[in-house]
Amino acid sequence: MDMSMNGQNKLWTSSYILNNVTCFIINVSYYMLMVIMTDYAVSELGATLSAAGFATGAFIIGALLARLLMGGQIERIGLKRSAYIGLAIFLLGLIANFFVCNIAWLSVVRIVQGIGFGIGSTTTGAIMARMVSATRRGEGTSYYAMFVTLATAFGPYAGAALYDGSLQADLIVGSALLLVCIVCVRNISVPALDGNIAIMVGDKRKDGWLMKFIEPKTMPIAIITLLVSLGFAGILGFVASFEKEAGLTESWQYFFIVYTLFTLMSRPFTGRMFDKLGANIVMYPAFVIFGIGLLLLSVASTGWELLLVAACMGIGFGTYMSCAQAIAIMVSPKSRMGVATSTFFIFMDLGVGLGPSLMGLFIPMAGFRGLYLALAVLQFASAGLYLITTGRKLKRPAQVITPAREETSSMATEGWIVTIAREYGSGGHEIGERIAARLGVPCYDQQIIEKIVSESNLTASIVSDEEQRVNPSELYRLYAWYAYSLPMNGEISIADKLF
């Protein structure tokens, strides 16, 4: 029987929802402080603009450290335990802000917050990957990423609304939200790994020090993500300055609202297309649409053109990020989903966090329009790199290419048929479903009977009764044929016809 018919493929479980809410709150707490920290450091701590910028960006340093050092350990530590650790460190960092008195200490505290955020966000991604079945990987990841997108819109708005020159209100609300996260994690049920995969997670094999931090199979899509993230960083870091230079201030206030709306509208459709038609059907248009948006931004001179760029950004970059994360999980072994998720976000953080610094050197030479033209070309080049490294390997629908095909089994599943004979009450049906899920192949039971009925003039009851029953006289004739070489006379039985 198809696994979805028995609820094995259900997506919106209570644990999946709680995990998404946890991810949303962690990111809201991050963006609440990100948008006001520079102004606070300058106005309240007397820091220079460059020092304040470093303190704000120090958060990314902490997040990168966490992903590098903890990405390969969260499976060993345990996903829920890792989530608790990340939330506790993040909460400690928020509370420490009450005692900050200079820019140096603020930078240290921001690094601590980044470590907590890095552990927490990596862990929620790994929990999501464990929960979502391979056949709904794209859809499940898209909805998970949608909660991150909601946080990018709600967090800055909430942070600015609470800010009055002091961090007190933002810190109190942020701390309360993280306490809610701890309650959510407590009620999340994380599926256990299969037995032999769990053994692998605890294996003490020496795979090299780099394998503790990076998943090699995820590297191609992670490097492409770094390049794509540079386009996002160019918009996030400089579009506010560009709109002032271009005289588009009135439309600017709606830019990220339009971006969020188009991202949310596209996520459910692109996630389902990813699962049913394969990754490439959504990845190539994502590259092209985002590239067109950046190209349009390089020549934009009216408000509606700026908002059209936001729509292209939502459809292109928003689709890319969720589907690329699904690919990163899909191509990695189940036992290393935590490392794969960490690897993916490390390269995304590098693009978003360090990109503006590099672009700041480029802008004086080429200007904002030259920058966005170069980033548009980079997106089209990234599409070519994706084709060479990943796209050619993902020609089939995502549900056929699953992470179950890993080192736990060297058996190639293409062209194989696994038949399970069982007795009533033996649990063979459930075993069949689990084996099918592990191998990434369809599972059939009653569908065989339905197919025979549709292709013959027999009724379902006859097929069901006769397909596994042999008449005693048929056994006697078979014995006579075998023992005495007597001819097998007589009309062919219903069982033989069914076969």
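## Terms and basis

Axes are lines fitted to C-alpha atoms, for helices over the stretch in contact, and angles run from 0 to 180 degrees between N-to-C directions. Helices (H or I, at least four residues) and strands (E, at least two) are DSSP runs, numbered from the N terminus.

This is a predicted model, in which local features need pLDDT of at least 70 and side-chain atom pairs count only at pLDDT 80 or more, while totals for chains, interfaces and linings use all residues. Residues are numbered from 1 along each chain as its sequence is written, and side-chain values use heavy atoms, with hydrogens and water left out.

## Helices α13 and α14

Helix α13 (residues 280–297) and helix α14 (residues 303–330) have axes that come within 8 Å and cross at roughly 150 degrees. The pair is therefore roughly antiparallel, a description used for angles over 145 degrees, whereas angles under 35 count as roughly parallel, 65 to 115 as roughly perpendicular and the rest as oblique.

The contact (heavy atoms within 4.5 Å) of α13 with α14 comprises 19 nonpolar, 3 polar and 1 charged residues. In this classification Ala, Val, Leu, Ile, Met, Phe, Trp, Tyr, Cys and Pro are nonpolar, Asp, Glu, Lys and Arg are charged, and the others, Gly among them, are polar.

## Helices α2 and α6

The axes of helix α2 (residues 37–45) and helix α6 (residues 103–131) come within 11 Å, with a crossing angle of roughly 155 degrees. Helix α2 is therefore roughly antiparallel to α6. The crossing of α2 with α6 is right-handed.

Met37, Ala41 and Leu45 of α2 make the contact with Ile103, Leu106 and Arg110 of α6. By class, 5 of these residues are nonpolar, none is polar and 1 is charged.

## The chain and its cores

The protein chain has 20 helices and 0 strands. Of its 499 residues, 47% are buried, meaning under 20% relative accessible area, with exposed over 50% and partly exposed in between (1.4 Å probe, protein chains only). Among contacts between residues at least 6 apart in sequence, 83% join residues at least 24 apart.

A nonpolar core is a set of buried Ala, Val, Leu, Ile, Met, Phe, Trp, Tyr and Cys residues joined through side-chain atoms within 4.5 Å. The largest has 56 residues, and those with the most contacts inside it are Tyr16, Leu33, Phe90, Leu106, Phe117 and Leu167. Several helices, including α1, α2, α6 and α15 (337–389), each supply at least two residues of this core; α6 gives the most, with 9 residues. A second, separate core of 49 residues includes Leu230, Phe232, Tyr372 and Tyr386.

## Individual residues

Ser29 lies in helix α1 (residues 14–34) and counts as buried because its relative accessibility is 2%. Leaving aside neighbours within four places in sequence, Ser29 is in contact with Phe90, Gly174, Leu177 and Leu178. With the neighbours within four places again left aside, the contacts of Phe90 include Ser29, Tyr30, Phe117 and Leu178.

Glu139 is found in helix α7 and, at 7% relative accessibility, also counts as buried. Although Glu139 and Arg272 are 133 residues apart in sequence, their C-alpha atoms are 5.2 Å apart in space. Beyond its neighbours within four places in sequence, Glu139 is in contact with Leu11, Gly271, Arg272 and Asp275.

Conventions. Left-handed = near helix turned anticlockwise from the far one by under 90°.
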